[in-house]
Amino acid sequence: MKTFKSVFDNYDWDTIKSKIYSTTTREVECALAKSKRNLDDFLVLISPAALPYLEQMAQLAQESTKKRFGKTIQMYAPLYLSNECQNICTYCGFSLNNKIKRKTLTENEITQEIEVLKKAGFDHVLLVTGEANHTVNIHYFLKAIAQIKNDFSTISAEVQPLSTEEYVQLNEGGVYSILVYQETYHRDVYKQYHTKGKKSNFDFRLETPDRVGTAGIHKIGLGVLLGLEDWRTDSFFNALHLDYLQKTYWQTKYAVSFPRLRPAEGVIEPNFIMDDADLTQLICAYRLWNEDLEISMSTRENEKFRDNIISIGITSMSAGSKTNPGGYVVDPQSLEQFEISDERSAAEIAKIISSKGYQPVWKDWDRSYDCRF
């Protein structure tokens, strides 16, 4: 079947990069003057030429977000089930070549972690694992989902790429959304970051959202790891991917996240530095391009940035996050995937959101809303 690869292969990294960096202020002003914008406008709005217009972009993004989503911020928490992984990735604390204690949560341990999250008020959980098919596979996922689905109205998953049939099973089991990150769309250097394991297969990962869309998952989340390659060029290709998916699987909702490379056990330093103004520009560009896109902000970012970005363009935030299996109560000292920056509790984040005139939303969706359940 046709996949995003057929679109992707028509684009050249260096050509797109050249277009971004040769953008003029006139093109920026034309893009900002439009009421509806296309992918070419997104390219213009992530260019260096657009940075001096950041205040105007932020105001427009704020208006667009309020019009489409109101003054609400969805709350969620990650639940790391395992740090076992068969891949060697130079930027990840779970990488196979890191000599650390591996842990996969048992049924009883999952129950203990759930109790902590429920007491904190969460009703949306994101299940996260490393990529180890021999232990954390479809059978493990289905068992874990069956265990927790009565405790959470919304279950998302960020696990290794699966087959279409396996995504159908997750959908039928109660998974609401799938997050999958290409990490970088720069094919020529992708292998340098992913030296061993199934993740080193660029095309298989590239076509994963097609399999998710074919399986009928309610929402798909994409993103790139900001810091591996030029963030502007990578973000254009991520938007290109979203554009294709929205046109192909039009009944599905879409979201984007902005993970900046953070310190972790045995990882590389960022090749490309992205400062806070750059990240704000990128968030605004996504919102001005696509009013329907959900935009998520994780605890990778610091307190000041997260507080200030609430009113600009995001729609969901994690809080009180632990990025290690058992991190909430079972095994707080197990290896984390990366260091978080904002360590405030869920209650503190909810209070900050409210103080800015926004409503923290703990429950946004229920399976009873979907005729498939």
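User: Over how many bridges do E4 and E5 pair?

Analyst: E4 and E5 run in the parallel sense, and strands count as paired if DSSP finds at least two bridges between them. Strands (E, at least two residues) and helices (H or I, at least four) are DSSP runs, numbered from the N terminus. Ser156 stands opposite Ser177 in E5. The number of bridges by which E4 and E5 pair is two.

User: What kind of model is this?

Analyst: Residues are numbered from 1 along each chain as its sequence is written, and side-chain values use heavy atoms, with hydrogens and water left out. Local features need pLDDT of at least 70, side-chain atom pairs count only at pLDDT 80 or more, and totals for chains, interfaces and linings use all residues, as the model is predicted.

User: Which residue in E4 stands opposite Leu126?

Analyst: E3 and E4 pair in the parallel sense over five bridges. Strand E4 covers residues 154-158. Within E4, the residue opposite Leu126 is Ser156.

User: Which residue in E3 is the bridge partner of Ala77?

Analyst: E1 and E3 run parallel and are joined by five bridges. In E3, the partner of Ala77 is Val125.

User: How many of the residues of E3 are buried?

Analyst: Buried means under 20% relative accessible area, exposed over 50%, and partly exposed in between, with a 1.4 Å probe and protein chains only. His124, Leu126 and Val128 point one way from E3, and Val125, Leu127 and Thr129 point the other way, all of them buried. E4 is mostly covered too, with four of its five residues buried. For E3, the count is six of six.

User: How many residues line the second largest cavity?

Analyst: Strands that each supply at least two lining residues include E3 (124-129) and E5 (177-179). His124, Leu179, Lys219, Ser296 and Ser316 lie nearest the centre of this cavity. By class, its lining has six nonpolar (Ala, Val, Leu, Ile, Met, Phe, Trp, Tyr, Cys and Pro), two charged (Asp, Glu, Lys and Arg) and nine polar residues (the others, Gly among them). The number of lining residues is 17.

User: Which element gives the most residues to the lining of the largest pocket?

Analyst: About 350 Å³ of space lies in the largest pocket. Of its 14 lining residues, Ser35, Lys36, Arg37, Leu288 and Glu291 are the closest to its centre. Helix H5 (54-69) and helix H13 (276-289) are the elements that give two or more residues to this lining. The most, four residues, come from H5.

User: How many disulfides are there?

Analyst: A disulfide is a pair of cysteine sulfur atoms within 2.5 Å. The sulfur of Cys85 is 6.0 Å from the closest cysteine sulfur, in Cys89, so it is too far for a bond. Cys284 has its closest cysteine sulfur in Cys30, at 19 Å, also too far. The count of disulfides is zero.

User: What is the phi of Glu183?

Analyst: Most residues other than glycine have a negative phi. Glu183 lies in the loop between E5 and helix H9 (187-193) and is buried, with a relative accessible area of 7%. Although Glu183 is not a glycine, its phi is positive, at about 75°.

Conventions
1 Å grid on protein atoms, 1.4 Å probe; cavity = no way out; pocket = protein on both sides within 12 Å on 5 of 7 lines; lining within 4 Å. Points joined across faces, edges and corners; volume = space filled by probe spheres on them.
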